[in-house]
Amino acid sequence: MKLQILGCYAATPRTITNPTSQVLDIKNHLFLIDCGEGTQVQLRKHKIKFSRINHIFISHLHGDHFYGLIGLISTFMLLNRENDLHVYGPKGIKEIILLQLRASGSFTGYNLYFHELESKESEVVFEDDTVVVKTIPLNHRIYTNGFLFQEKLGKRHLNIEAVAKYKIEKCYFDKIKSGGNVTLDSGEVIENELLSFPPDATKSYAFCSDTVYDESIIPIINEVDVLYHESTFLDSEAHYTEKTKHTTAKEAAQIAKLAKVKQLILGHYSTRYGSIEPFKTEAQTIFDNVLLADDGKEFEF
């Protein structure tokens, strides 16, 4: 599981920072999460293949999280994209994008599907044989969702020595990897645990930006491998959080601690600060395993 941060700062883009956007590489999927202004430039800068992005998840309709979407959709068109593109986001996103396409006399030569979200309860928005994606309802100034990406349990691994020992034919291999027992010609049943090893452990990633401190998300993100949580302010500016519906680094760490996550990544920093290191320092007074997102940074878990 790899996470590429394209942008992780709040509000407006600057020459040295970019608004929210990131790419999650999980089970051969390349998911784009949020699409702030300048996202496609960052995609090119970090040599991420546009053609691999088939699903885009938009948390909410504040500009620093989706103003780059129409540009990316248009660029896909200019590149003669053929693959379907699915956009998941709050109700209204379809109207906004189609209005811009119509006003500019543009069209897409590929199928563009919008999956508009309205539920205030967690729901599955994408699922295939390897991955499931659920919403994480967040508490912000407008309707907002985070997203939980979970790998599904894969097949078991063949125990080659055991298979050879019992002289089991190849036609049974898939059954074994799927968890089945094998009956020999003699009638003896060989239990699956003797013929295979457990599947690889699954991984999970939770994206939570933007939100005020809200413990109601804890059951959804409980024990995830990696939590990205917004940390717009340091503790010295905690008085801004209720009005803006944002979180401090300490509060993000408290969520991570209560949810028993393995790793916390902080992001969505206010650009008022000259350095992001104090975010980590403050968070680690609550939770040990803290990493700092930054534009261009890549994490592998």
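Two strands are counted as paired if DSSP finds at least two bridges between them. With that in mind, this predicted model contains an open sheet in which 7 strands follow the order S7-S8-S9-S14-S15-S16-S17, with mixed pairing.

- Strand S8, covering residues 131–138, and strand S9, covering residues 144–151, run antiparallel and are joined by 8 bridges.
- Within this pair of strands, Val-132 has Gln-150 of S9 standing opposite.

**Backbone features in loops**

- Between Ser-209 and Asp-210 the peptide bond is cis, and its omega is near 5°.
- Asp-210 lies in the loop that runs between strand S14 (204–208) and helix H8 (218–221), and S14 is also one of the strands named in the order of the open sheet.
- Asn-80 is a residue other than glycine with a positive phi, the value being near 60°, and Asn-80 is found in the loop between helix H3 (69–78) and strand S5 (85–90).
- Because its relative accessibility is 63%, and exposed means over 50%, Asn-80 counts as exposed.
- Glu-223 likewise has a positive phi near 60° in a residue other than glycine, and Glu-223 is placed in the loop between H8 and strand S15 (226–230).
- The relative accessibility of Glu-223 is 47%, which lies between the cut-offs of 20% and 50%, so Glu-223 counts as partly exposed.

- Asn-18 is located in the loop between strand S1 (2–7) and strand S2 (21–26).
- Although Asn-18 belongs to a loop, its relative accessible area is 19%, and because buried means under 20%, Asn-18 is classed as buried.
- When neighbours within four places in sequence are left aside, Asn-18 is in contact with Leu-6, Gly-7, Cys-8 and Tyr-9, and also with Gln-42 and Asp-295.

How values were computed:
Residues numbered from 1 in each chain as written. Predicted model: local features only at pLDDT ≥ 70, side-chain atom pairs only at ≥ 80, totals over all residues. Heavy atoms only, no water. Helix = DSSP H or I, 4+ residues; strand = E, 2+ residues; numbered from the N terminus. Buried < 20%, exposed > 50% of the residue type's maximum accessible area, 1.4 Å probe, protein only. Contact = heavy atoms within 4.5 Å.
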